[in-house]
Amino acid sequence: MVAGLLLTVTVAALYQPVPLASAFSMDMMSSSVSTSKPSAAKVIDSHLHVWASRDEAAKGYPYAEGQEPPQNLADRASTLELLKHMDQAGVDGALIVQPINHKFDHSYVEAAIREHPSKFKGMLLVDPALPPADAVQRLEELALKGFVGVRFNPYLWPKGHLMSEKGGCGEAIFKRCAELQMPVGFMVFKGLENHIDDVCSLIESSPETAVILDHLGFTGLNNDGSFKQLLTLAKYQNVNVKISALFRVAGPGNDPYPYEGVRAKRFVPLLQEFGADRLLAGTDFPFVLEEDGGYCGTIRVIQSWLADASEKERALVMGGTAERLFGPW
C-alpha cells in the first residue's frame, strides 16, 4: 500500500516547488517507506523518545530553552540507554519521535539514526511558526536523514490557529506528506474531543495521507465519549492508532499494571473496529520507566493481549503495521 519516497514530485500549488536533493540515495530508498511485506517476526516499538543526557547536552546537544527533562529521567533517555532496554525486551527496532526537550533541533535523533540505521527511524516535529514553503523544505531535508514520519502537536500552534488552517503550515505539510508517503501522527494530549474536527478537516483535505493517533488517541478510561469519537475515525481507511503509553490511558490509580481495563475497554474494541493492520504497539520510553512493569513489561503486556489472536494479527500489531507505514527495519 505504501510506496517508497517519490524522486520527482511537486509541492502543492499554495507554495513554490522545493527541489529535493539531486536524488534520494539508494540507502535512503532502502530505509524509507516501502511496499515490501513486513517481517512477521520483528518487534517494533512505534513510539518512544530519546534525548541527550546532561553530559551529552553540555557537549553539543543542548536542550531547548525551558524544556529541560525531568531530573529523574534526565540521564535515562539517551540512545545507549534505550538500546539496553530494547535488547532486554527483544525489540528489533524503534520509531523515535522527536522529543519536546530538543524541540525543533533534530540533531540528537539524527545522530541516533545515523549511528544505528538498522535500529532506528525518526518522526520529526513540525514547527508551525515556519512559513509553508520553509516548513515543506525542512520536511524534505529531514526525510533525507532517516525521518519517515511527522508529528503534529496542536499545542505548538499559535493560540486561535488550527492545524488545518487554509494556506497554513499544517495544511501544506499534511498534503506534502501524502506525496512523500510519510505518515502524520497527532499528539492530542488534552483529549481527542478538543481536536477531532481539526484532525478530520486535514484527513478530508488529503485522504491519501496516512494518519496515526498517538497513545490510543489519549482516550482515558474516564472519558468514554472521547473513545467513541476515536472509534468513528475507523471509517477513514488511512487512520491508524498507536497502542502506546498504556499508563496514560489508564490514569493514575484507576487501572494498575497490567492494565486490564485498558485491554477490555480500549484495546479490544479498537482491534474489532480498526483491525490489527491499523494498530501499532509502542511504549512511550523513557516515561514508561517510571511505571510498574517498565519498558519490558509494557511490551509483554501488549503481547499478552494478543495471545488469542492469530499469528498474523500478532505480527501486525507488534511490528508489521509499523513496517507497512514506515518501511522495513
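Biologist: In E7, which residue is the bridge partner of isoleucine 212?

Modeller: This is a predicted model, in which local features need pLDDT of at least 70 and side-chain atom pairs count only at pLDDT 80 or more, while totals for chains, interfaces and linings use all residues. Residues are numbered from 1 along each chain as its sequence is written, and side-chain values use heavy atoms, with hydrogens and water left out. Strands E6 and E7 run parallel and are joined by three bridges, where strands (E, at least two residues) and helices (H or I, at least four) are DSSP runs numbered from the N terminus. Within E7, the residue bridged to isoleucine 212 is asparagine 240.

Biologist: What is the order of the strands in the open sheet?

Modeller: Two strands count as paired if DSSP finds at least two bridges between them, and the pairing in this open sheet of eight strands is parallel. The edge strands, each pairing on one side only, are E1 (44-48) and E8, and the twist averages 25° from one strand to the next. The order is E1-E2-E3-E4-E5-E6-E7-E8.

Biologist: How many residues of E7 are buried?

Modeller: Buried means under 20% relative accessible area, exposed means over 50%, and partly exposed lies in between, with a 1.4 Å probe and protein chains only. On one side of E7 the buried residues are Val239, Val241 and Ile243, and on the other they are Asn240 and Lys242, so that both faces are covered. The number of buried residues in E7 is five of five.

Biologist: At what angle to E7 does H10 run?

Modeller: Helix H10 (260-274) lies across E7 and E8. Axes are lines fitted to C-alpha atoms, for helices over the stretch in contact, and angles run from 0 to 180 degrees between N-to-C directions. On that basis, the angle of H10 to E7 is about 155°.

Biologist: Where does H10 bend?

Modeller: H10 has 15 residues and reaches 20 Å from its first C-alpha to its last, close to the 21 Å expected at 1.5 Å a residue, the expected span being 1.5 Å times one less than the number of residues. The bend at a residue is the angle between axes fitted to the seven residues ending there and the seven starting there. In H10 this bend is about 30°, with proline 269 following within four residues, and its place is phenylalanine 267.

Biologist: Why do the buried residues of H8 lie on the same side of the helix?

Modeller: The buried residues of helix H8 (224-232) are Ser226, Phe227 and Leu230. They lie on the same side of H8 because the arc they cover, taken from the directions from the helix axis to the C-beta atoms, is only 100°. Their packing partners, with contact meaning heavy atoms within 4.5 Å, are strand E6 (211-213), strand E7 (239-243) and helix H10.

Biologist: Is tyrosine 259 buried or exposed?

Modeller: Most residues other than glycine have a negative phi, and most peptide bonds are trans. Tyrosine 259, in the loop between H9 and H10, has a positive phi of about 60° although it is not a glycine. At 6% relative accessibility, tyrosine 259 counts as buried.
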